[in-house]
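The sequence and the model are shown first.

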Amino acid sequence: MMKTAALSEEQAPEPQVGADFTQDENAALRKAAWRLIPLLALAYFFNYLDRTSVGFAALTMNQDLGLTAAQFGIGAGIMFAAYCLCEVPSNLAMYRFGARKWIARIMITWGLAAAATAWSVGPNSFYAFRLLLGVAEAGFFPGVIFFLTLWFPAKYRARVLAWFTVSTPLSSLIGGPVAVWLLQFDGALGLAGWQWMFIVTGLPACLLGLVVLVVLADKPAEARWLTEAQRNALQGLLEKEGAAASTRKSMKGALKDPRVYLMALISFSFTLGSYGIGIWLPQILKTHGVSLGATGWVSAIPYFFATIGLIWWAAHVDRHGRAIKHLVMACLLAALAMVFSVAFGSLVPAMVGITLALVGTISARTIFYTIPGKFLSGQAAAGGLAFINSIGALGGFAGPYLVGYLKDLTGSFAAGMIGMAVILTFAAGLSLSIRLFMKDN
């Protein structure tokens, strides 16, 4: 009987009825999961797509704009520099004005900025539009992570985060073929294919932002779609859990906590690895002789397996705990796989290595964000998560730039993959050090 219940929990995105919660609490959790997670996951799907679709645009855009590999790496990554600078102010604003309004604002402005990238005419304008994209979307991911802590208890948070962050691999699994298909609209209405790609993938975020305004509620107590008994039960459960936890609650307290800085460095490392692969994957495939038409489909293969790996790994952590141990394992898997991907110089081993590397980096991201909520709450959670993610976002700049720089220097992607592997090994060591500061349960 227990085995059947566990299987049901692993396969479903919402928490299951269990002895740990009352009937009203379980009903509220189910309703919240079905109402909030699909919408937020869809929003994150376009968020990640608008960040990484530039890698497919580069297949034809670089020649049109006269971009070198290093210049493209700067343009692809510069949005993360702006994102980093604006992350904490954005999340503190969200804490003040409420998640519903602020997440909607973020989505509408980032959609406009992403679509506007279609009007790049050279390196400088490309840099400017990517910079605007970073400013516009700053605060989205940590804002949603904070928002989910206001709705779901710690027991189910890894699984909830998994069904939210599954959009990362799905975005590349679906977005890759779609992006390459859009590139073939070259010349339609006088626009290049890569321009159509930016427009078509950017504008849906604006529409979803309007939906967010209608559907989200800042906390259970404000959710009209729950009964009064369900609102009171879920809000009481979360408040009781928060009161029982030993957490930092002020931004000042968060900035004094060494765990926040360790977490920021770990986030930097796996973000560097994830985007270092994601941005350059289409061009890595090109060096192996994969045609333009096949690139979208071949690039989707690693993300298909990363999706499965992410969901399974998050469910395992939810059932058995020991998040820090699994974070270490995910970072080491990614590091070893990156080295393997360039060890043989042929397509099949490269794809196996890249697939396992993405399973590691994407799963690490989900497991990672279950940990800060154990020692941060309130304003400290909003600002602390934003600070951690802002430093992590620099990895989104460093990864693409590192790979591009080493590609120009050596003529090969191998040096970049090995460099990222070293950094992820360092991240595994940092993850182990967190055990000195907190109990991994």
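The structure is a predicted model, and every value given here was computed from its atoms.

**Surface patch**

A nonpolar patch on the surface is formed by Phe-340, Phe-344, Val-348, Val-352 and Leu-356. Together these residues have about 460 Å² of accessible area. Helix H17, which covers residues 347-368, makes the greatest contribution to the nonpolar patch, with 3 residues. Phe-344 is located in the loop between helix H16 (323-341) and H17.

**Cavities**

How many cavities of 30 Å³ or more does the structure hold? There are 3 cavities that reach this volume. The largest cavity contains about 60 Å³ of space. Its lining consists of Thr-52, Phe-56, Ser-172, Gly-278, Leu-281, Pro-282, Ser-299 and Tyr-303. By class, 4 of the lining residues of the largest cavity are nonpolar and 4 are polar, and no charged residues are present.

Which helices each supply at least two residues of this lining? They are helix H14 (258-287) and helix H15 (292-320). Of the elements that contribute to the lining of the largest cavity, H14 gives the most, with 3 residues.

**Individual residues**

| Residue | Relative accessibility | Class |
|---|---|---|
| Leu-424 | 0% | buried |
| Phe-21 | 11% | buried |
| Leu-213 | 32% | partly exposed |
| Leu-189 | 76% | exposed |

Leu-424 belongs to helix H19, residues 414-433. Is Leu-424 buried or exposed? With a relative accessibility of 0%, Leu-424 is buried, because the buried class covers values under 20%. The C-alpha atoms of Leu-424 and Ser-269 are separated by 5.6 Å, although the two residues are 155 residues apart along the chain.

Phe-21 lies in the loop between helix H1 (2-11) and helix H2 (23-52). Its relative accessibility of 11% places Phe-21 among buried residues. Phe-21 and Tyr-83 are 62 residues apart in sequence, and their C-alpha atoms are 39 Å apart in space.

Leu-213 is part of helix H11, which spans residues 204-215. At 32% relative accessibility, Leu-213 is partly exposed, because this class lies between the limits of 20% and 50%. From C-alpha to C-alpha, Leu-213 and Ala-99 are 9.5 Å apart in space, with a sequence separation of 114 residues.

Leu-189 is found in the loop between helix H9 (167-183) and helix H10 (193-202). This residue has a positive phi of about 55 degrees, although Leu-189 is not a glycine. Leu-189 counts as exposed, with a relative accessibility of 76%.

Definitions and conventions. Residues numbered from 1 in each chain as written. Predicted model: local features only at pLDDT ≥ 70, side-chain atom pairs only at ≥ 80, totals over all residues. Heavy atoms only, no water. Patch = residues over 30% accessible without salt bridge, like charges linked within 9 Å, V, L, I, M, F, W, Y side chains within 5 Å. Areas by Shrake-Rupley, 256 points an atom, 1.4 Å probe, with all protein chains shown as cover. Salt bridge = Lys/Arg side-chain N within 4 Å of Asp/Glu carboxyl O. Helix = DSSP H or I, 4+ residues; strand = E, 2+ residues; numbered from the N terminus. 1 Å grid on protein atoms, 1.4 Å probe; cavity = no way out; pocket = protein on both sides within 12 Å on 5 of 7 lines; lining within 4 Å. Points joined across faces, edges and corners; volume = space filled by probe spheres on them. Nonpolar A, V, L, I, M, F, W, Y, C, P; charged D, E, K, R; others polar. Buried < 20%, exposed > 50% of the residue type's maximum accessible area, 1.4 Å probe, protein only.
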